[in-house]
Amino acid sequence: MKRIAIDMDEVIADFNLKHLSLFNRDYNENITVEDLKGKKLRELRPDLKEEIRKYLIEPTFFRDLAVMKDSQDVIKELSEHYEIFITTAAMEFPTSFAAKYEWLKEHFNFLSDMNFVFCGDKSIINADYLIDDNVRHFKRFSGQGILFTSPHNLYETGYVRVNNWQEVRAYFRK
Ligand SMILES: [Mg+2]
């Protein structure tokens, strides 16, 4: 079986939605995902960089993120024909381990724990495909990178791109 490695944040877990709503609430702002086209929140408000990061080191932040639409159904289908690994650069936020694991157990319990990969540098990953919203992970990846659209990566070109999980389904049906 061929292997598909799949990122968590902004691919199966809706990271922006929660991060933005907490930030807007606490700083009396009205930033929308539209405002994040081509950039991350920390680039939009560089003076609040540390405050923006603070939400993410909160141990429960990643526990209740919404599941990206159709990701469960499509991954369940793909798992019949491919080996699926969830690969997250969790070392960026070591306080997130427990929440991320519990989140995966709650929403992707049809996958084995042995297929959850919490790592740092994703270039260690050996898979045929990597579905990710961060292009930096494709640079040293030997398989086929598949860029999952997120506001911050809208202007990236030169990658195979999917806009949602229905497009992932279509890509692997070909
Ligand atoms: Mg991501």
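## Lysine 37 and its partner

Lysine 37 is partly exposed, with a relative accessible area of 34%. In this predicted model, lysine 37 pairs up with glutamate 34 in a salt bridge, and their closest N and O atoms are 3.3 Å apart. Glutamate 34 has a relative accessibility of 53%, so this residue counts as exposed, since the cut-off for that class is over 50%.

A few of them are described below.

## A bridge between a loop and a helix

Let us turn to arginine 63, which forms a salt bridge with glutamate 106; here the closest N and O atoms are 2.9 Å apart. Arginine 63 sits in the loop between helix 3 (49-57) and strand 3 (66-67), while glutamate 106 belongs to helix 5 (residues 97-107), so the pair ties together parts that are 43 residues apart in sequence.

## A buried pair and its network

Next comes lysine 122, whose salt bridge with aspartate 132 has its closest N and O atoms 2.6 Å apart. This pair links distant parts of the chain: lysine 122 is in the loop between strand 5 (116-118) and strand 6, and aspartate 132 is in strand 6, 10 residues apart. Both lysine 122 and aspartate 132 are buried.

Asp7, Lys122 and Asp132 are linked in a network of salt bridges. Asp7 will come up again at the metal site, where it is one of the protein donors of the magnesium ion.

Histidine 137 also touches this pair. Setting aside neighbours within four places in sequence, histidine 137 is in contact with Ala89, Lys122, Leu130 and Asp132. You will find histidine 137 in the loop between strand 6 and strand 7. With a relative accessible area of 8%, histidine 137 is buried.

## The magnesium site

Why do aspartate 9 and aspartate 133 count as buried? The class of buried residues means under 20% relative accessible area. Aspartate 9 has 16% relative accessibility, so it counts as buried. Aspartate 133 has 3% relative accessibility, so it counts as buried as well.

Stepping back, the chain is divided into domain 1 (3-14 + 64-173) and domain 2 (15-61). The C-alpha centres of domain 1 and domain 2 lie 21 Å apart. At their meeting place, 17 residues of domain 1 are in contact with 16 residues of domain 2.

The size of an interface is often given as the accessible area lost when the parts come together. Domain 1 and domain 2 bury about 1400 Å² between them, with 58% of it on carbon and sulfur atoms. Between domain 1 and domain 2 there are 8 residue pairs in polar contact. The rule finds 1 salt bridge across this interface. Lysine 18 and aspartate 64 form a salt bridge whose closest N and O atoms are 2.6 Å apart.

## Lysine 40 and its contacts

Our last stop is lysine 40, found in the loop between helix 1 (15-27) and helix 2 (41-44). At 24% relative accessibility, lysine 40 counts as partly exposed. Which residues does lysine 40 contact, leaving aside its neighbours within four places in sequence? They are Asn134 and His152. With asparagine 134, the side chain of lysine 40 makes a polar contact of 3.1 Å.

Lysine 40 can also be placed relative to isoleucine 57: the two are 17 residues apart in sequence and 17 Å apart in space, C-alpha to C-alpha.

Notes:
Residues are numbered from 1 along each chain as its sequence is written. This is a predicted model: local features need pLDDT of at least 70, side-chain atom pairs count only at pLDDT 80 or more; totals for chains, interfaces and linings use all residues. Side-chain values use heavy atoms; hydrogens and water are left out. Donors are N, O and S atoms within 2.8 Å of the metal (3.2 Å for Na, K and Ca); water is not among the atoms, so sites may look incomplete. Buried means under 20% relative accessible area, exposed over 50%, partly exposed in between (1.4 Å probe, protein chains only). Helices (H or I, at least four residues) and strands (E, at least two) are DSSP runs, numbered from the N terminus. Contact means heavy atoms within 4.5 Å. Domain bounds come from an automatic or database domain assignment. Buried area is the accessible area (1.4 Å probe) that two parts lose on being put together, summed over both. A salt bridge is a side-chain nitrogen of Lys or Arg within 4 Å of a carboxyl oxygen of Asp or Glu. A polar contact is a pair of N or O atoms within 3.5 Å; within protein, one must be able to donate a hydrogen and the other to accept it, and residues adjacent in sequence count only if both atoms are side-chain atoms.
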